Amino acid sequence: MIERLLVAVDGSDHARRAADLAGDLAARYEAQLVVVHVLVYRRLPDAVRRMAEIEHLVEPAASPAPSLLRWPQEESAEDARIIAALGEKILDETERRARDKGAREVVRCLLQGEPADAILEEAARRRVDLMVVGCRGLGELSALLLGSVSHKLLQLAPCPVLAVK
Ligand code: ATP
Ligand code: MG
């Protein structure tokens, strides 16, 4: 019996398909759906910063980065805020897609850390019965069937993992 399932999303098309399937399964099983996105800190290209400005993703003179963000580089606080705002957008979109498919109970988790480890920890903490992920994500090595995150999840998850093409 599936009472709680988790979908991990990174903003890729594979993850969108995973979200649609997870939403459909949550509806059919009347299960709780846990939507997880792991924030990964990186220096952002200028184009992304400009896009964030145009989209008003973060206020120009924003207050300090949310306490969730523990990245050390003071001068990168703006990048950290943009990454967190993009993460919220990914969760918004995923929740919307899953609800459109009929999911009723949706829980959102915005995490930090090494993506696969953070997802595995959350899955164990919430005792999920099934994990749904994309085979691939935003990475560029599309010749490989699995990305490094989905590969690690398939190897280490304590529950069945559904990898969506
Ligand atoms: P790589 O990152 O190894 O270059 P990739 O980006 O193509 O390759 P993965 O990162 O393994 O592939 O992505 C596969 C799936 O893992 C995604 O579709 C998504 O379901 C999940 N995933 C990847 N990164 C994250 C993340 N930061 N937060 C939540 N889920 C993620
Ligand atoms: Mg990736």
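Visitor: Which helix gives the most to the lining of the largest pocket, and with how many residues?

Guide: The model is a predicted one. Helix 3 gives the most to that lining, contributing 6 residues. The largest pocket itself has a volume of about 880 Å³. It is lined by 35 residues, and those closest to its centre are V9, D10, G11, H37 and L138. Two or more lining residues come from each of helix 1 (13–29), strand 2 (32–39), helix 2 (46–54), helix 3 (77–100), helix 4 (115–125), strand 4 (130–134) and helix 5 (148–156). By type, the lining divides into 19 nonpolar, 10 polar and 6 charged residues.

As for the whole, the protein has 5 helices and 5 strands. Along the sequence they follow the pattern β-α-β-α-α-β-α-β-α-β. The C-alpha trace spans about 50 × 35 × 25 Å along its principal axes. For 165 residues, a compact globule would have a radius of gyration near 15 Å, and the 16 Å of this protein agrees with that. Of the 165 residues, 46% count as buried. Among contacts between residues at least 6 apart in sequence, 75% join residues at least 24 apart.

G139 lies between strand 4 and helix 5. Its relative accessible area is 49%, so G139 is partly exposed.

How values were computed. Residues numbered from 1 in each chain as written. Chains lettered and ligands numbered in written order. Predicted model: local features only at pLDDT ≥ 70, side-chain atom pairs only at ≥ 80, totals over all residues. Heavy atoms only, no water. 1 Å grid on protein atoms, 1.4 Å probe; cavity = no way out; pocket = protein on both sides within 12 Å on 5 of 7 lines; lining within 4 Å. Points joined across faces, edges and corners; volume = space filled by probe spheres on them. Helix = DSSP H or I, 4+ residues; strand = E, 2+ residues; numbered from the N terminus. Nonpolar A, V, L, I, M, F, W, Y, C, P; charged D, E, K, R; others polar. Buried < 20%, exposed > 50% of the residue type's maximum accessible area, 1.4 Å probe, protein only. Rg over C-alpha atoms; globule rule 2.2 N^0.38 Å. Contact = heavy atoms within 4.5 Å.
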